[in-house]
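Here is a friendly briefing to read alongside the model. Keep the viewer open and follow the topics in turn.

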Amino acid sequence: MFILIKNARILTLDDSCGEIQNGYIVIDNEFISKIGAGTPISGNYDKIIDAAGSLVMPGLSNTHTHLGMTLLRGYADDMILKDWLEKEIWPAEAELTAEDVYWGSLLGCLEMIRFGTTAFCDMYFFMDETAKAVEKSGIRGCLSYGMIELFDEERGNAEFIKGERLVREWQGKANGRITTMYGPHAPNTCSKEFIAKVKKAAERDGVGVHIHVLETEDELNTMKKNYGVCSVHHLDSVGFWDTRLPGSDKSSLPILAAHSVWMSEGDIKIFAEKGVTVSHNPISNMKLASGIAPIQKMIQAGVLVTLGTDGCASNNNLNMFEEMKTAALLQKLDTKDPTALPAKTVVEMATKNGAQVIDKKTGVLKPGNKADLILIDLKKANAIPIFDIYSHLVYSASGSDVKTMIVDGKILMEDYKILVLDEYEVMKNAHECAQNLVKRVKDKNKML
């Protein structure tokens with residue numbers, strides 16, 4: 001499709017271009033072919049979008065979530081983490097079906113389209129169903145099956161087969177919108193030997209690894225008690241953080257470490273040296289009282305930091321605008337420094353940084369990159385006045401201000417209307433799946 005976007009205020013996130021006050025973008029199929037200021041070139045366009053009064057910017061990247069958990073939104077709130085997991089979440093997840101995850105994932109895709117998220121990283125169960133939802137919805141997904149070995153070799157072999165099959169069957173599907181990673185759950189739920197096996201498989205298949213790391217103080221204490229070191233140093237002892245393509249002399253495959261809350265200066269140094277990417281999930285970490293990740297220190301050390309929402313059971317939404325604002329405010333409060341984590345840095349975390357993990361041809365608007373972008377309505381009371389566009393995006397804007405979304409050159413939402421999904425059908429089926437899931441859990445509890 002040949003698309004022209006004109007009369008736009010454009011935030012390119014390209015260091016060589018920056019912001020264009022009155023410009024245009026030409027999209028040729030899935031790529032941006034031209035971008036510039038002033039009057040656009042003439043052409044035989046299939047679609048012309050007048051973006052007057054709107055900001056055009058790269059779509060947001062949510063680098064850590066569990067889409068199937070949309071069905072558990074609000075299911076078990078305000079609980080101690082141990083009870084939340086063991087008494088509510090794990091029993092509910094044990095009753096999940098493939099159909100549940102399909103409709104839960106579609107609901108998550110719908111929510112992300114509404115809130116301006118064009119790409120995401122997911123780790124969960126029944127990942128074929130999430131892949132189908134990504135394929136249908138038109139957004140971009142980097143998917144991994146959450147392998148929980150629990151130090152059981154037989155269980156680990158079965159989990160590994162599922163993770164490997166996802167990579168081999170879905171990598172590069174949907175015109176490249178679907179990519180994959182291996183997903184060992186965490187160092188405290190998977191043995192060192194299992195994680196080393198996963199590392200070798202990732203190198204063999206040329207994909208990255210998505211793993212939870214130091215999410216809680218309990219994980220930190222457990223690892224020190226069992227191994228004498230924390231999770232980061234434990235995995236460093238088997239060279240896990242050095243994941244690379246065959247023949248490469250440096251780390252060249254993305255390792256995405258979710259949460260990374262209880263990080264020491266030594267841990268941060270390892271991440272910086274090895275090129276590990278962190279997915280910061282401030283709202284989930286606050287809701288579960290997991291702690292405050294030292295993000296300012298990580299960035300100062302040279303760690304690439306991105307943003308994620310985590311699953312809806314612990315957030316309870318997929319609104320990356322809320323995540324941006326919370327991330328900025330939390331670091332200022334924690335460091336007692338109002339200059340910590342400035343707005344421009346946060347916007348980069350949510351766009352170009354996340355793209356480094358999901359698809360390096362996204363996250364920045366420039367010719368040759370993929371056409372993954374959003375239009376934000378600036379004709380609203382919360383957008384008057386705007387002195388600094390980054391400040392507006394982080395501190396004033398809302399996910400509900402996103403009016404149009406384009407991914408891979410295809411319009412998914414235009415003027416607030418979803419074009420790729422039947423909203424009523426998705427919400428109705430997801431609601432029914434959630435109700436039936438909870439009923440199965442309650443019926444099982446009565447039998448115990």
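Eight strands make up an open sheet with parallel pairing, in the order S6-S7-S8-S9-S10-S11-S12-S13. Helices and strands here are DSSP runs (H or I of at least four residues for helices, E of at least two for strands), numbered from the N terminus, and two strands pair if DSSP finds at least two bridges between them. This is a predicted model, in which local features need pLDDT of at least 70 and side-chain atom pairs count only at pLDDT 80 or more, while totals for chains, interfaces and linings use all residues. Residues are numbered from 1 along each chain as its sequence is written, and side-chain values use heavy atoms, with hydrogens and water left out.

**The sheet and its helices**

- S6 and strand S13 (304-307) stand at the edges with a single partner strand each, so one side of each has no neighbour in the sheet.
- On average, neighbouring strands of this sheet are turned by 25° against each other, direction ignored.
- Helix H3 (residues 127-137) packs on the sheet and touches strand S7 (117-124), strand S8 (140-147) and strand S9 (178-184); contact means heavy atoms within 4.5 Å.
- The direction of H3 makes about 175° with that of S8; axes are lines fitted to C-alpha atoms, for helices over the stretch in contact, and angles run from 0 to 180 degrees between N-to-C directions.
- Helix H5 (residues 192-205) lies across S8, S9 and strand S10 (208-213), and runs at about 160° to S9.
- Strand S11 (residues 255-259) pairs with strand S12 (residues 277-280) in the parallel sense over three bridges, and Leu256 stands opposite Thr277 in S12.

**The first annotated set**

- UniProt (unreviewed entry) places the feature "binding site" at His64, His66, His212 and Asp310; such positions are given in the numbering used here, feature names are shortened, and annotations may be inferred rather than shown by experiment.
- These residues span 247 residues in sequence, yet no two of their C-alpha atoms are more than 12.2 Å apart, so they gather at one spot.
- From this set, His66, His212 and Asp310 belong to the lining of the largest pocket. On a 1 Å grid over the protein atoms alone, a pocket is an open set of points with protein on both sides within 12 Å along at least five of seven lines, and lining residues have an atom within 4 Å of a point.
- His64 sits in strand S6 (residues 60-65) and counts as buried at 0% relative accessibility; buried means under 20% relative accessible area, exposed over 50%, and partly exposed in between (1.4 Å probe, protein chains only).
- Leaving aside neighbours within four places in sequence, the contacts of His64 include Cys121, His210, His212, His259 and Asp310.
- His66 is in the loop between S6 and helix H1 (81-93) and is buried, with a relative accessible area of 8%.

- Glu215 lies in the loop between S10 and helix H6 (217-227) and counts as buried at 17% relative accessibility.
- Not counting residues up to four places away in sequence, Glu215 touches His259, Val261, Trp262, Ser290 and Asp310.
- Asp310 lies in the loop between S13 and helix H11 (320-335) and is buried, with a relative accessible area of 5%.
- The side chains of Asp310 and His66 make a polar contact (3.0 Å). A polar contact is a pair of N or O atoms within 3.5 Å; within protein, one must be able to donate a hydrogen and the other to accept it, and residues adjacent in sequence count only if both atoms are side-chain atoms.

**Backbone points to check**

- Most residues other than glycine have a negative phi, and most peptide bonds are trans.
- The peptide bond from Asn315 to Asn316 is cis, with omega near 20°, and Asn316 is in the loop between S13 and H11.
- The peptide bond from Ile384 to Pro385 is also cis, with omega near -10°.
- Ala289 has a positive phi near 55° and counts as exposed at 67% relative accessibility.
- Leu341 has a positive phi near 45° and is buried, with a relative accessible area of 0%.

Definitions and conventions
On a 1 Å grid over the protein atoms alone, a cavity is a set of points where a 1.4 Å probe fits but cannot get out, and a pocket is an open set with protein on both sides within 12 Å along at least five of seven lines; lining residues have an atom within 4 Å of a point.
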